[in-house]
Structure formats: structure tokens, C-alpha cells
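Have the model open in your viewer and your selection tool ready.

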Amino acid sequence: MATGTQAYGESWYWDNRYTNEPGLFDWYQKYITLAPIINLYVPKNQSILVVGSGNSAFSQGMVDEGGYKDVVNIDISSVVIDAMQKKYRDRPQLKYLKMDVRDMSAFASETFGSVIDKGTLDSILCGNNSRQHATKMLEEIWRVLKAKGVYILVTYGAPLYRLRLLRDSCSWTIKLHVIEKLASEEKSVNPLWGLTKPIPLNNDGSSVDETLGLNPDVHYIYICTKEISANSNVKA
């Protein structure tokens, strides 16, 4: 049986975790710190999918503070989905479904205008057969996105470790933003880089180190726009 982070792709691990830790918890960043980037790329009038939503308050923030009207949340854990369905049963803007992001066949192709991922790809990459499972996840996200829809990936993975995976999986146009790991609700006096300003991104991602220095203490935000071309290796 997988242990530690290797179990992050397994439903039993998350069922146990959410049974023992039922309180709200946000991975990496809260909505208020990411709101400027969400508002920049995610229109208010479209359906949004949040993958690996867990017991995060992020989607509630999108509705209450951001004014979004249709936020669908999926998670592999039936324990957390049951809890969140009960918590938000009177909030029609928030929907919670038990689903594996690697198999979203319940959704038709081109259903969502945006997909948001805070740490789910990272979790899958911790497990066994990680590359295979991560590729399947990305292919499914690409499939359920509308043409020109955006996949927003918030991750600790630097371009050296994420760009090739993203580019090899599907046809994307990619922009990169960063946010300091300890970002708070109050703006930093001297931020390392402006949140809404894309970082220059060359083919191998080395331009990021040239811009920010080695090992910056940031979360990376990849803005992946779905492109459909004649040589796309994934069909809608």
C-alpha cells in the first residue's frame, strides 16, 4: 500500500484525511490572494470547473467575493464531497460531484470555459505511474474545456518540471505568472514580481531563472489556453 505523498492519487488516502481533518483548508493560496489573476483570465458568465476541490473555501470565495455564478467542484473523495454538498446545499452556484479528474466522462467535451487546479496535478505526480496519470488528467481537462478556454494550474513545479509535461500532453498556449508562497491578504511592499504581469517564458523555461533568480520562493501559475490545430494529439 502506498504511503505518504505516494498515496495522494488514491481515494482511500483522502477519505481518511477528510474524515480526520474535516475543517476548511486551502492548498497553496486562498481565493483573495489569487483573485486578481482569476479575474484577469476567467469571465464571470461561464461555467467553471475546480478539480480536486477538497474542503477548500476557494470556490465559495469565487461566488461570494468574485461574483461567479456557476462553479462545479469535483474530488475523488466521497467523504469530502458528501460534506461539501451538505455545507452548500442552499447555494445553487456551487455544485459538488465525486469524480476522478483522470476520467471525467460524465462531462461532455467542451463543457467549461475555465478549469482551476490548486495542487491536484502535483498530488498525482507524487504517486506511482505519475507521468501516465498526469497525462490522462491533462488530456481530460483539455477535452472538457471549450476552445480557447483556460486551464489555470497553481503549482510548486518550476518550468523545468512542468513545461514539457504540459506541452507534450495537449495543444496549449502557455503564459506564466508567479505569486509568493507566503502571500497574504495585504499586498507586499516589495513583491518579487507583479502577480498580473506574465513572466518572459522561453522554450525551456530558463528565462524564469534569469528573471527571478534560482529557487525563488513562489508558487507558479500556468495559464494554459486550449488550442485546436490540425496536429493536435487529443481530440475534442
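Start by selecting K148: with a relative accessible area of 56%, K148 is exposed (over 50%; buried is under 20%, partly exposed in between, with a 1.4 Å probe and protein chains only). This is a predicted model, where local features need pLDDT of at least 70, side-chain atom pairs count only at pLDDT 80 or more, and totals for chains, interfaces and linings use all residues. Residues are numbered from 1 along each chain as its sequence is written, and side-chain values use heavy atoms, leaving out hydrogens and water.

K148 and E227 form a salt bridge, their closest N and O atoms 2.6 Å apart (a side-chain nitrogen of Lys or Arg within 4 Å of a carboxyl oxygen of Asp or Glu). K148 lies in strand β5 (residues 145-155) and E227 in the segment after β7 (218-226), 79 residues apart; helices (H or I, at least four residues) and strands (E, at least two) are DSSP runs, numbered from the N terminus.

Next, select D26 and K118, a salt bridge with its closest N and O atoms 3.1 Å apart. D26 sits in the loop between α1 (11-20) and α2 (31-41), and K118 in strand β4 (residues 112-118). Both residues are buried.

Finally, color the cysteines. How many disulfides are there? The count is zero, a disulfide being a pair of cysteine sulfur atoms within 2.5 Å. For C170, the nearest cysteine sulfur, that of C224, is 9.5 Å away.
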